[in-house]
Amino acid sequence: MADGVTDKTPWWLNQRLRGFFAQALVIAVTAGFLAFLAYNTQVNMQARGITNSLDFFSQEAGFGIIQSLIPYSPTSTYAQAFLVGLTNTLFISAVGIVLATLLGLLVGIARLSSNWLVSRLAGAYVEIFRNTPLLLQIFFFYFAVMQALPAVRQSLDVGGLMFVNNRGVYLPRPVPEPAFWAVVGALFIAIAASLWLARWARRRQEATGQPFPVFWSGAALVIVLPLVVYFIVGQPLRWSVPHLAGFNFRGGMVAIPEFTALLLALTIYTAASIAEIVRSGIQAVSHGQTEAALSLGLPQWRVLQLVVLPQALRVIIPPMTSQYLNLTKNSSLATAVGYPDLVSVFAGTTLNQTGQAVVIIGITMGVYLTISLSISLLMNLYNKRVRLVER
Amino acid sequence: MKIIKILAASAAIASLSMAANAHAGKTLDAVKAKGYVQCGVNTGLPGFSSVNSQGKWTGLDVDVCRAIAAAVFGDASKVHYTPLTAKERFTALQSGEIDVLSRNTTWTMTRDTSLGLSFTGVNYYDGQGFLVKKSLGVNSAKQLNGATFCIQAGTTTELNLADYMRSHHMKYQAVTFDTSDATAKAFDNGRCDVLTSDQSQLYALRTQLKNPASAVVLPEVISKEPLGPVVRSNDIEWFNLVKWVGFAMKNAEWLGVTSKNVAEMKKSSNPNIQRLLGVSGDFGKMIGVSNDWAYNIVAQVGNYGESFERNVGMDSPLKIKRGLNALWTQGGIQYAPPIR
Ligand SMILES: N[C@@H](CCC(=O)N[C@@H](CS)C(=O)NCC(=O)O)C(=O)O
């Protein structure tokens, strides 16, 4: 009987068909709107005599960039300037994510410490840095901290090797000779060996219950093997030490204050949020688990490492992803202090010199979208691995 | 701040995509309808455009805005100001956020041809110079090999510096900031050895240093920086109006018509003066405003020379000499076609 009713339902009352049409309509309207935007932009730009093309990419950029991870000079093309900005963005984001994670983990755990002073200090840190604007913190680190460092000629001199002044932190730069590749090779072999060792140790522990000091033996392997090779092939590494020449230091390598200030601010600001995520993640693991582990006689840090953190990670990772995305996007505040990131070099200087606003902002948004989606993807993959596996 | 800029740029693009097709000749109508001129100016450059202690905008560039308002409304105060950084200025004009850009902007071929914008003239002939700390003991730009420069993003300065250093086989580093505030502060704090910009601006920026006497402007001028007002290219009537407002101020100086004597000058028998002040002819009508347009400009804003001296010249803290900016009759190159 029920079937009969369905048969007589007119097609426009059919749930599935209606759902399908509703969705098709939404998609069509959205697509139509986007097409209208694109078309109207084109027409308006033409009416206003604004040229619009990608040709500028192969033209000479003609401006200098203070920090570049790839070869670049004012005679390079705009395409190369774009790559410089992109790599600078990726670089500061990657370093910032690693540092913010470490610091956030530390502070988050410290907040739960039974030591009153430690937990209060961690609490104060979180409240101060989470509740003040990031831009203000960047300005603080740049103008109040970095630029308050001594001038070039009065640099802080650390053993004649490292110099600190308001133009940057200068360090000796390693200059590898060809034979150095043997050392790099040894490093990779050592890493592979310790991975194999870890697997072997886990299997053995599962089979026999006997633990093996994987961490220490792995660390020893990774440090000792390359070192031995290094001395065998005759120490194929020279050092370029910074020295004062003319206006500035020459040689060595330098972390410019624009980079350092931005990195500090991004790290410290994001770590405050990460600390909260870590704290809530740990607290989400029921206390009974900790007590049970402690009553087995495991030392406190092993309890954290073996029982609490693996479970906390499940809660921690999803919100952590959005912090990583925030850090990456916040790195575009770079222009405020002159760090040459993608927005500064490309959506700033390049846009201004070429006038290609629409194209350049479009590409820049596309790049940030790609970076963000890639981070999300990686984090989701990792999340799948640590997720509760029902056995 | 960066986010805000991106938002602003996206908003500008959005408005480009949403705006109905613009028709030529509409700017003046729109300005008259809303009752004021929306003028894009510098965020704060003493002598050119800055806010004084009474909260009023003043400066050579601001006077251009006021003169336009005087011509259109007979009231120089009918201006709304939009402070813009170097990076924001062109998008603001392209998107219609402002009616005219009067912000120490260099007339270059790219800007004049590919942005959909047009320069209406030159209200200050400038050139790029260098400001250095006296303690460096440098007295020529040729000694700047290996130096670090503070510059502002989105300017001709960025390109000129690279050109100059390359053609003189010198190495350099450039720290690029968004605002002149950050640029000046970084120079003051010793982040860089040299601040480079249009020379007129160096004098203005120098007055803002903790100790102005600690820095000197080097003698070299490495580029041509003709600064002037900019409008959208698709409105020839508005372009003509802004262009002739500038010419009127220079013609007034040439004819000796000042804000003090303009009322008497109306009785002058000099036909040039009669045409300028609307006593004879229909010149205001030709640009869509009343015939006493230039009278109002001179009475309320002054002629070009008065504006110059008051804002950047001998009556101002900057004390810049007329130099290239004197009238052609006085050994300079400021020149205006005749009103006839
Ligand atoms: N005339 C040059 C430079 C103009 C310019 O923006 N100069 C800076 C250098 S000091 C400035 O006026 N900054 C003031 C500000 O942005 O507040 C150009 O048009 O590109």
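The shell around the ligand draws at least two residues from each of α6 (156-167), β11 (194-198), α8 (199-206) and β13 (225-227) of chain B, where helices (H or I, at least four residues) and strands (E, at least two) are DSSP runs numbered from the N terminus. The structure is a predicted model, in which local features need pLDDT of at least 70 and side-chain atom pairs count only at pLDDT 80 or more, whereas totals for chains, interfaces and linings use all residues. Residues are numbered from 1 along each chain as its sequence is written, and chains are lettered from A and ligands numbered from 1 in the order in which they are written.

In total, 21 residues surround the ligand, and the closest are B:T43, B:A86, B:T106, B:T155 and B:S180; a residue is taken to be near a molecule or strand if its C-beta atom, placed from the backbone, lies within 6 Å of it. By class, this shell is made up of 15 polar, four nonpolar and two charged residues, with Ala, Val, Leu, Ile, Met, Phe, Trp, Tyr, Cys and Pro counted as nonpolar, Asp, Glu, Lys and Arg as charged, and the others, Gly among them, as polar. The ligand lies between two domains of chain B, because domain 1 (2-125 + 227-330) and domain 2 (128-223) both give residues to the shell around it.

These domain bounds come from an automatic or database domain assignment, which for chain B gives domain 1 (2-125 + 227-330) and domain 2 (128-223). The centres of domain 1 and domain 2 of chain B, taken over C-alpha atoms, are separated by 29 Å. To the contact between them, domain 1 of chain B gives 15 residues and domain 2 of chain B gives 14 residues, two residues being in contact if their C-beta atoms, placed from the backbone, lie within 7 Å. The side of domain 1 of chain B that touches domain 2 of chain B has eight nonpolar, six polar and one charged residue.

Chain B as a whole contains 14 helices and 14 strands, and its C-alpha atoms fill a box of roughly 60 × 50 × 40 Å along the principal axes. The radius of gyration of chain B is 21 Å, which agrees with the value near 20 Å that a compact globule of 340 residues would have; this radius is taken over C-alpha atoms, and the globule rule is 2.2 Å times the number of residues to the power 0.38. Of the 340 residues of chain B, 53% count as buried, a residue being buried if 20 or more other C-beta atoms, placed from the backbone, lie within 10 Å of its own, exposed if 12 or fewer do, and partly exposed in between. Among the contacts in chain B with a separation of 6 or more, 72% are between residues 24 or more positions apart.

Helix α13 (residues 293-300) of chain B is largely enclosed by the rest of the structure, because six of its eight residues are buried, namely B:W293, B:A294, B:Y295, B:N296, B:I297 and B:V298. These buried residues of α13(B) pack against α3 (60-73), α9 (236-254), α10 (262-265), α11 (271-276) and α12 (283-286) of chain B, and α13(B) is followed by B:G302, which has a positive phi near 105°. Helix α9(B) is also mostly covered, with 15 of its 19 residues buried. The end C-alpha atoms of α9(B) are 26 Å apart, which agrees with the 27 Å that its 19 residues should span at 1.5 Å a residue, the expected span being 1.5 Å times one less than the number of residues. Just after α9(B), B:G256 has a positive phi of about 75°.

Positive phi values are also found in residues other than glycine. B:N104, with phi near 20°, is placed in the loop between β5 (100-101) and α5 (109-114) of chain B and counts as buried, with 27 C-beta neighbours inside 10 Å. B:K319, with a positive phi of about 50°, is placed in the segment after α14 (304-311) of chain B and is exposed, with 11 other C-beta atoms within 10 Å.

Between the chains, 44 residues of chain A are in contact with 45 residues of chain B. On the side of chain A that touches chain B, two or more residues come from each of α2 (15-47), α5 (134-145), α8 (257-283), α11 (342-354) and α12 (357-386) of chain A.
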